[in-house]
Every structure is written in C-alpha cells, then in structure tokens.
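Okay, thanks for coming, everyone.

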Amino acid sequence: MSPQITPIADTAQDLELSERILAPDGSRIPNPRLDAFVADVDAAQLRALHRDMVILRRIDAEGVALQRQGQLGLWAPCQGQEATQIGTARALAPQDYVFPSYRETGVIYARGAQPGDYVRMWRGEEGAGHDPATLRVAPLQIIIGAQTLHAVGYALGIRHEATDEVAVTYFGDGATSQGDVNEAMIFASSYQAPVVFVCQNNHWAISEPVSLQSQYPIAGRAPGFGIPSLRVDGNDVLACLAAMRWALDHARSGKGPAYIEAVTYRMGPHTTADDPKRYRDEAELESWRRRDPIERLEAHLRAAGQLDEHQLAETQAAADDVAKAMRAACLGMVTRPPLAVFDGVYAEPHTGLDRQREDYAAYLATFEAEA
Amino acid sequence: MTELTLGKALGAGLRQAMRDDDKVVLLGEDIGRLGGVFRITDGLLDEFGAARVIDTPLAESGIVGMAVGLAFRGYRPVVEIQFDGFVYPAFDQIVAQVAKLHYRTQGRVKMPITIRIPWAGGIGAAEHHSESPEAYFVHTAGLRVVAVSNPADAYRSLRQAIASDDPVIFFEPKRLYHHKGDVELEAPLADAPPMGLARVVRPGTDVTLIAYGAMVSTALEAAEAAEDDGVSLEVIDLRSLSPVDYDSVAASVRKTGRVVVAHEASREAGVAAEVIASITERCFEYLEAAPLRVTGHDVPYPPAKLEKYHLPDLDRLLDAVDRVLDRPNSLTGVEA
Ligand SMILES: Cc1ncc(C[n+]2csc(CCOP(=O)(O)OP(=O)(O)O)c2C)c(N)n1
C-alpha cells in the first residue's frame with residue numbers, strides 16, 4: 001500500500017486526495033485501499049462510533065465549561081477532531097500502549113478513562129491525569145513531540161520480546177517540526193520498531209498554520225524515513241478506523257513502523273487561554289463546519305435508516321451522564337496535604353530532599369502548635 | 001583485588017550489571033563494535049548481543065527519549081553520551097522527561113535510567129569535549145548525580161546507579177580513564193557503602209578540602225604539598241553531587257573549622273556555591289574563616305592550550321588554603 005502524495009502544502013485544498021470512505025454528505029464512497037479494513041463494520045458498530053464521538057464532544061464541552069467556571073486552570077479542546085481520535089483509538093488492541101499529547105481526550109476516553117482522569121492534570125491536582133498502567137496510556141505530554149521517542153523506545157522493547165503489541169504515539173502538525181519527532185522516525189525505521197505514528201493535522205499550531213511547519217504534505221515525509229504512510233480524511237471516522245487498522249496490522253506483523261496523517265481541524269481555540277480570532281479566518285472555520293465528523297456519520301446512518309430520534313436522544317443522555325460524572329469528580333477532588341509536594345520525586349530516599357521535607361514539616365508544625 | 005584502570009573498572013561494572021539483570025540494556029553511539037570512543041563497552045556486544053548493546057543513530061535526544069520508552073516497558077537503560085558537550089541536545093529529555101515522570105505519576109512510572117557522561121577537561125581535547133555541566137543536573141529535582149574519582153568507586157557506584165530505581169547522571173572523569181587502582185570485583189553490592197556517601201580520602205585537621213571527580217587527585221597532591229608545609233588537609237571526595245552527603249561534610253568542617261571547595265566547572269551558581277551555602281547554614285558557628293571556592297573561571301571552556309589556566313591546579317588550591325588559614329597569599333601578597 002503506497003500513499004498518494006501531492007506536493008501541495010495546503011491540505012484543505014487537496015483534502016480530496018486524502019483517503020476517505022464517507023463523503024462530507026455522509027454518502028459512502030468506494031475506497032479500494034481501505035474498504036477491506038472496515039468490511040466487518042456493521043450498523044451497530046457505526047452507531048457505537050457515533051456515540052463515542054458524541055460523548056467525547058460532550059466531555060470536551062464540559063472541560064471548557066469547567067475551565068470557564070474556574071475549576072480548571074486550562075483545557076485543550078478537541079472539538080472537530082473526534083473522528084480522528086475515536087476512529088484511530090477504537091482500532092487499538094487492549095495490549096497496545098499509547099503515548100499521547102495533551103489534546104488526546106478522545107484517546108484516553110476510548111482507553112477507558114475514569115471521569116476524574118480527564119481533569120486531574122488540568123485542575124492541577126497531579127502531574128498526570130490517569131494511571132498509565134491501567135489505561136496503557138502514558139501521561140499526557142506537554143513538551144511538543146517528546147512522547148514520540150518514548151513510543152519508539154517502548155516499541156523497541158516490544159520487538160525484543162517478540163510480542164504482538166504495538167506502541168502508538170499521537171502528535172500535532174506543529175510537532176512535526178520538532179527534532180524529537182524526526183529523531184523518533186529515524187530510530188523507528190532503523191530498528192523496525194512496531195510503532196504507529198498518528199499526526200493529527202488540525203491545521204494550526206496555536207497561531208501558526210500548518211504551511212509554516214511543512215511545505216509538503218506531512219504524510220509525504222514518512223516515506224523519506226523509510227516508513228509507509230497514509231494521509232486520511234481525519235473527519236471521516238470510518239477512514240480513520242480503517243487507516244489505523246492498516247497501520248496496526250503493519251506494525252503488529254513485524255513490518256516495522258507506520259505513519260498516519262489525519263487531516264482534520266481544530267474548531268475551537270488551541271486552549272482556553274487562546275483567542276483564534278486574532279489569527280484565523282471565520283470563513284475557514286465555516287468551511288470546516290460543513291465537514292463536521294459527527295454530522296457526517298449521523299447523515300450516513302440516517303440515510304441508511306440506522307439512526308432515529310429515540311437513539312439520538314439516548315446517546316445525548318448518555319453523554320450528559322458522562323459529563324455529569326466528570327463534573328462531580330472534578331468538584332469532589334480533595335487537594336493533598338502540603339507535604340505531598342515532596343511525594344514521588346525519587347523512588348528511593350534522597351537525603352537532600354528528605355531534609356527539606358523535615359524542615360518544612362517542622363515549619364508547618366509551628367502553625368499547629370499555635371492553634 | 002584486581003588492579004584495573006578506571007575505564008576498565010567501568011566496563012567491568014557494566015558487564016556485571018548486565019549479568020545480574022537482563023533488563024539492563026545499553027544505548028549509545030558507537031558502543032557496539034567499536035566499544036565506545038573510550039572503549040568502556042568493549043566486548044559487551046559479543047557477550048550480550050545487539051539487542052542489549054544497542055548502537056544508535058547519532059541523535060542524543062533520540063537516545064535518551066528511547067531510554068524513557070524502554071523504562072516505561074520495564075527496562076533499565078544505560079545511556080552513553082559520547083562526550084560531555086554533547087549532552088545538551090538531550091537536555092530536554094533528561095530534565096523534562098527522565099527527571100519528572102516518577103513525580104508526575106506519583107511513582108507509577110519508574111525511570112531507572114543511568115546516563116553515563118565522559119566528563120571534564122585536562123586532556124587537551126577539541127571544543128565541546130571538556131565540559132563540566134554537572135550543576136545543570138544537580139539543580140534538577142528527580143535526578144541523582146554521581147561523579148567518580150577512582151576505579152573502585154567507578155566499578156561499585158556504576159552498578160549501584162544501574163540498580164537504582166531513580167535516574168542517575170553518572171559523570172566519568174575522562175582524564176582518569178587510564179588511572180589504575182584496586183577493584184574488588186567479587187564484593188557483594190549489598191555490602192557496599194551507599195552511592196550517596198562522601199568519603200574522607202585523606203584525614204587532616206586544619207582545613208577541609210572538598211572535591212569530586214578528577215579534582216580529587218589534585219586535592220590529594222595539594223594535601224601532600226601542604227603537609228610538607230606543616231598544614232594538615234582533610235580531603236573529602238563528595239562522590240555524589242545529588243544528594244550531597246552533608247553529614248560527612250559537616251563532621252569534617254566541625255573538626256577543621258575551615259573549608260575550601262574545588263571543582264573544574266565554572267563558579268557562578270555552581271556546586272561549590274551550593275556546598276558552601278549548606279555548610280554555612282549547618283555549621284556557621286564552627287567556621288573560623290569564610291569558606292572559599294576554587295573553580296574554573298566563568299568562561300566557556302577555553303581552547304586546549306589555555307585549559308591549564310582554567311583548571312584549578314595545585315597552586316590555586318594551596319593559595320585558597322593559605323587564605324582560609326590567613327597565611328600570606330595572593331590577596332595579602334607573598335611573604336616578604
Ligand atoms: C517544546 C514546546 N515548545 C512550545 C510549546 C508551547 N506550545 C504548546 S502547544 C503548541 C502548538 C502545538 O501545535 P501542534 O503540534 O500542531 O498540536 P496541536 O496543539 O495543534 O494539537 C505550542 C507551541 C510546548 N508545549 N512545547
């Protein structure tokens with residue numbers, strides 16, 4: 001399978017050249033490369049993908065609301081990227097291990113995140129939001145691109161143990177400019193590591209357009225590293241699922257790394273601290289609204305007579321329940337006592353830090369003595 | 001007891017650590033068939049194979065980032081950075097990832113990574129091959145920092161670093177790679193003094209002279225010269241820069257009342273500044289003179305022909321000793 005590469009930097013313009021299975025109006029179009037990977041997907045599974053995306057959008061909206069209400073320090077919305085995140089993450093096997101960036105709310109959702117997991121880090125209660133071992137997802141990464149190398153290291157371990165696991169890493173289009181991401185691709189290729197790179201090209205790295213990072217379609221870089229790649233319509237959940245199944249199959253069967261560029265769009269701000277009006281054209285946003293991933297699948301299901309109002313209402317109610325649980329978990333969080341700032345710095349006793357902890361404990365005790 | 005060079009002792013330490021635990025893997029540039037540019041990993045590829053002695057592409061951030069991923073997977077990676085001046089491209093992975101992941105995850109992810117760095121000057125090397133970056137790492141919470149000064153310590157503490165569940169920045173004074181000493185290859189690790197413990201290398205009564213790495217040799221020379229002059233120096237090898245064993249240091253200072261701290265690294269916000277601040281906090285009332293630093297200058301590491309003016313030598317150490325003893329010195333003028 002070879003990718004179709006057209007050297008045009010503006011991915012919005014040549015979106016038609018991305019792999020897709022569902023057209024923006026929801027109609028199904030034949031895709032000789034990818035169809036086989038989703039031949040088994042029936043209406044019930046499509047409805048499940050739809051439900052995932054609705055729930056994710058609701059979680060995301062709740063995150064924004066909680067931030068606006070002062071409950072979270074920051075939130076990184078993923079509205080518009082639901083198909084990329086759900087489609088790719090739902091292709092994973094339980095034993096696979098994910099190294100995400102901060103925007104992968106949908107990925108941790110698909111891996112079974114608990115309500116508090118979405119907010120713990122953004123609320124500032126803990127450095128990481130979830131238990132990496134239970135979700136098999138590394139802590140959300142803020143340093144752009146650093147996690148891609150971790151995935152390759154992990155995958156090297158998999159290779160040495162000759163198991164059928166795959167390491168997966170997610171990153172943005174801006175991240176592709178980082179040395180680490182390029183180094184990760186070199187290492188992955190050199191060692192034929194079972195790793196899948198998922199670039200979520202959401203067109204913007206804060207205020208910088210993708211054209212500043214790359215004058216060539218991002219998926220086109222991977223073959224230069226010896227890594228086969230696919231560029232997929234990131235707002236087509238079925239295509240994302242299929243592409244990821246292709247990539248995972250490739251890596252799992254010992255053929256080495258694979259790369260996916262999912263061409264999508266960040267509908268909201270970069271984070272709740274950002275004002276996209278300063279750098280982004282309203283018309284551009286409008287054109288992407290017409291490619292909304294949830295509406296696309298909805299249109300497809302409705303046309304097939306596979307989604308009715310009752311089911312929609314049920315899905316919305318389920319989404320509200322998840323958001324409610326997330327809010328309750330957030331508001332119910334109890335900040336750890338002061339000495340917890342010292343917890344977990346080292347695995348073994350460190351005399352310098354232990355002394356600081358003692359000093360601070362003694363200082364704190366003076367207040368108790370006063371009381 | 002076996003007589004080994006410091007370099008061979010390090011190689012023996014790696015070999016033993018790899019035999020003890022099959023999760024120990026080595027990563028680095030040229031460490032396989034070449035055995036490393038300093039030949040520290042010589043023979044390890046033959047014994048353990050390419051899956052455990054991993055020659056890497058030439059990318060330091062990549063090497064350390066890969067080690068992070070391997071640690072996620074339960075390995076104990078030992079990274080070789082080819083030269084001190086080449087650790088900077090990996091700085092982000094070290095301080096933002098290796099150092100922090102245990103804390104961020106409240107211990108759910110361990111980073112038992114050892115990062116070996118051939119370190120410091122005095123060998124007439126090219127630019128970027130003689131740097132002393134230890135303060136950057138000492139300043140970073142979550143890392144342990146070790147600097148060795150002799151073959152026995154090198155053998156033992158490298159194994160301890162690898163066995164530690166914490167990440168360790170392991171500095172190897174390349175100036176001493178060929179220095180010989182006795183090593184107890186069979187001694188059980190469990191009986192060894194902890195990695196963080198300082199050592200009194202030479203007892204004395206008048207001044208505590210604190211050093212680490214190759215500077216310990218210079219400190220010992222100074223102690224011998226001072227003895228001829230009727231002054232007794234107690235030389236302490238810190239061995240660990242994070243944590244610093246302040247109990248041993250303070251015990252010595254309480255005895256002597258006078259302190260000189262020496263290192264090759266430049267002065268501002270360096271390890272000596274920290275050690276002296278801590279001594280002052282801890283045993284101010286025992287001090288008979290202001291503690292002094294003898295360090296490299298606050299300049300980029302100079303070209304090889306000039307490095308002798310940068311590195312603290314015997315005379316600069318003795319001058320500082322004279323100053324803390326209030327004897328005629330470079331400030332008061334030479335004795336008439
Ligand atoms: C090394 C580094 N530099 C800068 C930043 C600040 N920053 C946070 S997100 C971001 C843009 C990233 O864009 P992209 O990789 O496209 O991902 P996206 O946010 O669009 O998902 C920047 C510059 C950072 N987190 N890390």
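So, what percentage of the 371 residues of chain A count as buried? For chain A that's 57%, where buried means under 20% relative accessible area, exposed means over 50%, and partly exposed is in between, with a 1.4 Å probe and protein chains only.

Quick housekeeping. This is a predicted model, where local features need pLDDT of at least 70 and side-chain atom pairs count only at pLDDT 80 or more, while totals for chains, interfaces and linings use all residues. Residues are numbered from 1 along each chain as its sequence is written, chains are lettered from A and ligands numbered from 1 in the order in which they are written, and side-chain values use heavy atoms, with hydrogens and water left out.

Let's stay with chain A. You're looking at 13 helices and seven strands; these are DSSP runs numbered from the N terminus, helices being H or I with at least four residues and strands E with at least two. Its radius of gyration is 22 Å, close to the 21 Å from the globule rule for 371 residues, so chain A is as compact as a globular protein of that length. That radius is taken over C-alpha atoms, and the rule is 2.2 Å times the number of residues to the power 0.38. If you count contacts in chain A with a separation of 6 or more, 73% are between residues 24 or more positions apart. A contact here means heavy atoms within 4.5 Å.

Now chain B. It has twelve helices and 14 strands. A compact globule of 336 residues would have a radius of gyration near 20 Å, and chain B agrees, at 20 Å. Of those 336 residues, 61% count as buried. As for contacts with a separation of 6 or more in chain B, residues 24 or more positions apart account for 80%.

How do the two chains meet? On the chain A side, 49 residues are in contact with 47 residues of chain B. Together they bury about 3,600 Å², with 54% of that on carbon and sulfur atoms. Buried area is the accessible area (1.4 Å probe) that two parts lose on being put together, summed over both. In chain A, the residues losing the most area to chain B are Phe187(A), Tyr346(A) and Arg355(A), together 16% of what that side buries.

One residue I'd like you to find is Asp165(B). Look in the loop between helix H7 (151–163) and strand E7 (168–173) of chain B. Asp165(B) is partly exposed, at 22% relative accessible area. Setting aside neighbours within four places in sequence, its contacts include Ala347(A) and Glu348(A) from chain A, plus Arg76(B) and Pro112(B). Pro112(B) is 53 residues away along the chain, yet the two C-alpha atoms are separated by 4.4 Å.

Ser242(B) and Pro243(B) are joined by a cis peptide bond, omega about 0 degrees. Pro243(B) sits in the loop between strand E12 (240–242) and helix H9 (246–256). Then there's the loop between strand E2 (24–28) and helix H2 (44–48), where you'll find Asp30(B). Asp30(B) isn't a glycine, but its phi is positive, near 70 degrees, and the residue is partly exposed at 36%. Arg39(B) is also in the loop between E2 and H2. Its phi is about 65 degrees, again positive without being a glycine, and Arg39(B) is partly exposed at 42% relative accessibility.
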